[in-house]
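Thanks for asking for a second pair of eyes on this one. Here are my notes as numbered points, so that you can follow them with the model open.

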Amino acid sequence: MSVSRAPWPATRMRRMRRDDFSRRLMREHTLTVDDLIYPVFVLEGSNQTEAVPSMPGVERMSIDLLVKEAEELAKLGVPAMALFPVTPSDVKTLDGREAWNPDGLAQRAVRAIKAAVPEMGVITDGALDPFTTHGQDGIIDDNGYVLNDVTVDALVKQALSQAEAGADVIAPSDMMDGRIGAIREALEQHGHIHTRIMAYSAKYASAYYGPFRDAVGSAGNLGKADKTTYQMDPANSDEALHEIALDLAEGADMVMVKPGMPYLDVVRRVKDEFKVPVYAYQVSGEYAMHMAAFQNGWLDQDKVMMESLLAFKRAGADGILTYFAKAAALKLKG
C-alpha cells in the first residue's frame with residue numbers, strides 16, 4: 001500500500017474520529033435489515049415449540065407458529081427465511097426419500113408461509129441428512145461412503161418438490177459434485193425458470209455445526225461419523241475458489257461460505273475474485289459461543305451481535321444467514 005497522505009501532524013488520523021458526524025460520513029460499510037436471512041427449524045404438530053438447549057433463544061416451531069414468525073419478520077423488513085425441517089424418526093430411511101415427499105414437512109411449511117406472507121423469500125435446504133437414518137447428506141454404500149451421482153439424483157427430486165411447493169430459493173448444502181448443474185437443468189425443464197439457487201459452495205467440514213445437528217435431530221443418527229469425504233478441509237482456501245467457479249458455471253445465482261466468522265478470509269477472496277452475490281452463514285456454534293458469553297455477562301449482547309454481523313459486510317458478504325436476524329432487525333428498527 002502506497003502512502004498518499006501527508007506525514008503527521010498535517011495528517012492526524014484521529015481528527016476524523018473525533019465526532020459522531022465525521023465518523024458517520026467516512027463509514028465504509030453499513031449493516032441493514034436487507035442483509036439478514038433468518039434460519040428457522042420447523043417441526044410437526046400444531047401450536048408446538050421446543051427449545052434447542054445448545055442454542056439459547058432458538059426454538060423449533062410447528063408450521064402454524066412459523067407462519068406467525070414469518071409475519072413478524074416481514075413487518076421488521078427481514079427479506080428471507082431459511083427453512084430446516086425436524087424430521088420424525090419414523091420417516092427417516094437409508095435413501096432419505098422423505099426429502100422429496102410433496103406433502104413433507106418442509107414442503108407444507110413453504111406453502112403455508114407463501115400463502116400467508118407472499119413477499120417473504122423462502123429458502124429451502126438441499127441435503128438428505130435430516131431424512132437419513134445414518135445422518136449423512138447423501139446415500140451411502142456398504143462401507144458408509146457417500147455416493148455422489150445417486151445422491152445428486154435424489155437432490156434433484158428434492159429440489160423439484162421444494163420448487164413445486166413454492167420455494168423461492170433452493171440452497172443445496174450437500175457438497176456433492178455436479179449437483180448445481182443437475183438441479184438447474186431440472187428446474188428449467190420443469191418450468192421453474194425463476195427459482196434461484198443459493199449454492200453452499202464452500203462448506204467446510206467444521207466442528208462448529210454441532211448445535212445445528214442437535215436442532216434438526218441428525219446428531220444422534222450421525223454418531224461418531226464425520227463428513228470429511230465431501231465437505232471441505234478447513235485448511236484450504238484455494239480449493240474454495242475452485243468450488244465457487246464450478247457452481248457458478250453450473251448455474252448458481254448466489255454462493256455461500258460456511259461457517260462464517262472463522263472463514264471471513266474466504267468470503268473476501270470469493271468476493272474479490274468473482275464479484276457475484278456472496279453470502280455467509282453465521283452457524284450454530286458461532287451463535288452458541290456468543291450466547292454463552294452474553295448470558296455470563298462477559299460480552300455486551302447488542303454491541304457484539306451487531307459488530308459480528310458488520311464484520312461479514314466488511315469482508316464482502318452481501319448477506320448473512322444468522323440466528324440473530326430477528327434480534328438484529330429489532331435493533332436496527334430501533
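1. To begin with a question: by class, how many nonpolar, polar and charged residues are in the lining of the second largest cavity? The lining has four nonpolar residues, three polar ones and one charged one. Please keep in mind throughout that this is a predicted model.

2. Here are the names behind that tally. P85, A99, A106, Q107, D125, F131, Q158 and Q162 line the second largest cavity, and its volume is about 40 Å³. Helices α3 and α4 each contribute at least two residues to this lining.

3. Helix α3 covers residues 105-116 and helix α4 covers residues 148-165; their axes come within 8 Å and cross at roughly 25°. Angles under 35 degrees count as roughly parallel, and α3 and α4 are therefore roughly parallel to each other. The crossing of α3 past α4 is right-handed.

4. Which residues make the contact between α3 and α4? On the α3 side they are Q107, V110 and R111, and these meet S161, Q162 and A165 of α4. Sorted by class, this contact has two nonpolar, three polar and one charged residues.

5. The structure holds two cavities of 30 Å³ or more, and the largest cavity has about 120 Å³ of space. Its lining is made up of 13 residues, with D129, S173, K203, F212 and K258 lying nearest the centre. Strand β7 (196-203) and helix α6 (210-216) each supply at least two of the lining residues. By class, the lining of the largest cavity has seven charged residues, four nonpolar ones and two polar ones.

6. The peptide bond from K258 to P259 is cis, with omega near -5°. P259 sits in the loop between β8 (254-258) and α9 (264-274), while K258 is one of the residues nearest the centre of the largest cavity.

7. There are two further backbone details to look at. The peptide bond from W8 to P9 is also cis, with omega near 15°, and P9 belongs to the segment before α1 (20-25). N47 is not a glycine, yet has a positive phi of about 55°; this residue is in the loop between β1 (36-43) and β2 (49-51). As background, most residues other than glycine have a negative phi, and most peptide bonds are trans.

8. Finally, the largest pocket. How much space lies in the largest pocket? The figure is about 260 Å³. The pocket is lined by 17 residues, and those nearest its centre are Y38, G57, V58, E69 and Y323. Two or more lining residues come from each of β1, β3 (59-62), α10 (284-295), α11 (301-315) and α12 (325-333). Strand β1 gives the largest share, four residues.

Notes:
Residues numbered from 1 in each chain as written. Predicted model: local features only at pLDDT ≥ 70, side-chain atom pairs only at ≥ 80, totals over all residues. Heavy atoms only, no water. Axes fitted to C-alpha atoms, helices over the stretch in contact; angles between N-to-C directions. Parallel < 35°, antiparallel > 145°, perpendicular 65-115°, else oblique. Left-handed = near helix turned anticlockwise from the far one by under 90°. Contact = heavy atoms within 4.5 Å. Nonpolar A, V, L, I, M, F, W, Y, C, P; charged D, E, K, R; others polar. 1 Å grid on protein atoms, 1.4 Å probe; cavity = no way out; pocket = protein on both sides within 12 Å on 5 of 7 lines; lining within 4 Å. Points joined across faces, edges and corners; volume = space filled by probe spheres on them.
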